[in-house]
Amino acid sequence: MSIKSCGLVLTAVLGAQWGDEGKGKLVDILSADADICARFAGGNNAGHTIIVPIGPKRVPTTFAFHLLPSGLINPAVTGIIGHGVVVHLPSFFEEFDILQTHGLDCSGRLFISDRAHLVFDFHQIVDGLKEVELGGSSIGTTKKGIGPAYSAKASRSGLRVHHLFDPTFADKFRKIVEGRYKRYGHFEYDTEGEIERYKGLAERLRPFVIDSVVYIHEALVAGKRVLVEGANALMLDIDYGTYPYVTSSSTSVGGICTGLGIPPRRIGKVIGVVKAYTTRVGGGPFPTEQLNEIGVHFQEVGYEFGTTTGRRRRCGWLDLVVMKHSCLINGYDTLNLTKLDILDDLEEIKVAVKYVLDGKELAGFPANLEMLARVEVLYAILPGWKTSIAAMSSYDDLPENCKKYITFIEEYLKVPIEWVGVGPERGNMIRK
């Protein structure tokens, strides 16, 4: 179950749905044989939860990663935050300090690109103001300032990590804040206090800052094993997701190239992580959403509450139309099917296999959300297995109906399922 066994230098783990698929656990497992774990997109709006045994008594301990690469859970791994990530420094150090306090020493093995853009507190304020402008049509932002930071990047008015060490930083910062006042009106914000705070943060950050492009390429040339950790997921991609109910970055496999400076030919194995049902947060059409006892079952049994926001997630049946769209774009070599145990108690299981609009089957996942909101979903119905699989450690031990469910997904998508998650802890992962 290692990167070495894949025979490849670079392996990528990407979310295949709307996020919250459980990518962190697979990253944790694969990081046992990695030298570097790198983030390429998003910010501290991501949330990966990992449960691992800690200390002499091996007590199961929960770690919540938001901005830092979750591969850091392996003490031998070096974590890289690439230039495609936007970074809120107070959150960076808060997360770093929590890991240190819980016995996970990341000193000397965590680095950040000098090209990464910075998220400031005024970005977070603006994030809320932009939602108000939508007139109640909430996109579902985490209010972490991610969107405004990426907007500043695209409009060439952002500040990057290297700017912190430039004598002109304070003047540039004041000019940017004044621009936000002109756009949104005057909001409460201590500009001079923030400048002073960032002078201190800059000095603490200095040993973490590197040219990540050079660092990663030197590692690849040296044969180091690089594990790339996706944030969010394909259906939240700025181009391929349910726009505008998406994040503000490229969460697809293409984001690895732009967010880490890695050419396509250096990307080896791409693994898609897919939940055995579907969840999402925020607004936007959700064709297989179940506003009934099935949805409640997924929420309660699957503990579907956001790692970053604590929000209750919307839940529905597995949508293979979504997954086919995801597979076309990311070209997964294999899949990791997670939280299969949440289906244990169901008599029957539905799987979306077609969208029909005005009597015609759609060829793919529509870009037009008005169309998406009107589709009729056609389901395949499979029998449940009514047996707990949480303690099972071998694929052969799984109930026949459980294996039929897995096979059905593989045959529809024409992509093999390599890993099957049957519980929340590190050991609850079966390699098929």
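This report walks through a helix, a pocket and the cysteines of a predicted model.

## Helix 5

Let's start with helix 5, which covers residues 146-154. Which of its residues are buried? They are Ile146, Gly147, Pro148, Ala149, Tyr150 and Ala152. As background, an α-helix has 3.6 residues a turn, so residues three or four places apart point the same way.

Look next at what follows helix 5: you will find Arg156, and its phi is positive, near 60°.

## The second largest pocket

How much space lies in the second largest pocket? The answer is about 610 Å³. This pocket is lined by 27 residues, and the closest to its centre are Gly22, Thr49, Gly302, Lys339 and Pro424. Two elements give two or more residues each to the lining: helix 2 (23-30) and strand 3 (48-54).

What kinds of residues make up this lining? Eleven are polar, nine are charged and seven are nonpolar. If you wonder how such spaces are found, rolling a probe the size of a water molecule over the atoms shows where empty space is left.

## The cysteines

A disulfide is a covalent bond between the sulfur atoms of two cysteines. How many disulfides does a search of the whole structure find? It finds zero. Take Cys37, which is in no disulfide: the nearest cysteine sulfur belongs to Cys106 and is 11 Å away. Why is Cys37 without a disulfide partner? A disulfide needs two cysteine sulfur atoms within 2.5 Å, and the nearest one to Cys37 is 11 Å away.

Is Cys37 buried or exposed? Cys37 counts as buried because its relative accessible area is 0%, and the cut-off for buried is under 20%. Cys327 is buried too, because its relative accessible area is 11%.

Key
Residues numbered from 1 in each chain as written. Predicted model: local features only at pLDDT ≥ 70, side-chain atom pairs only at ≥ 80, totals over all residues. Heavy atoms only, no water. Buried < 20%, exposed > 50% of the residue type's maximum accessible area, 1.4 Å probe, protein only. Helix = DSSP H or I, 4+ residues; strand = E, 2+ residues; numbered from the N terminus. 1 Å grid on protein atoms, 1.4 Å probe; cavity = no way out; pocket = protein on both sides within 12 Å on 5 of 7 lines; lining within 4 Å. Points joined across faces, edges and corners; volume = space filled by probe spheres on them. Nonpolar A, V, L, I, M, F, W, Y, C, P; charged D, E, K, R; others polar.
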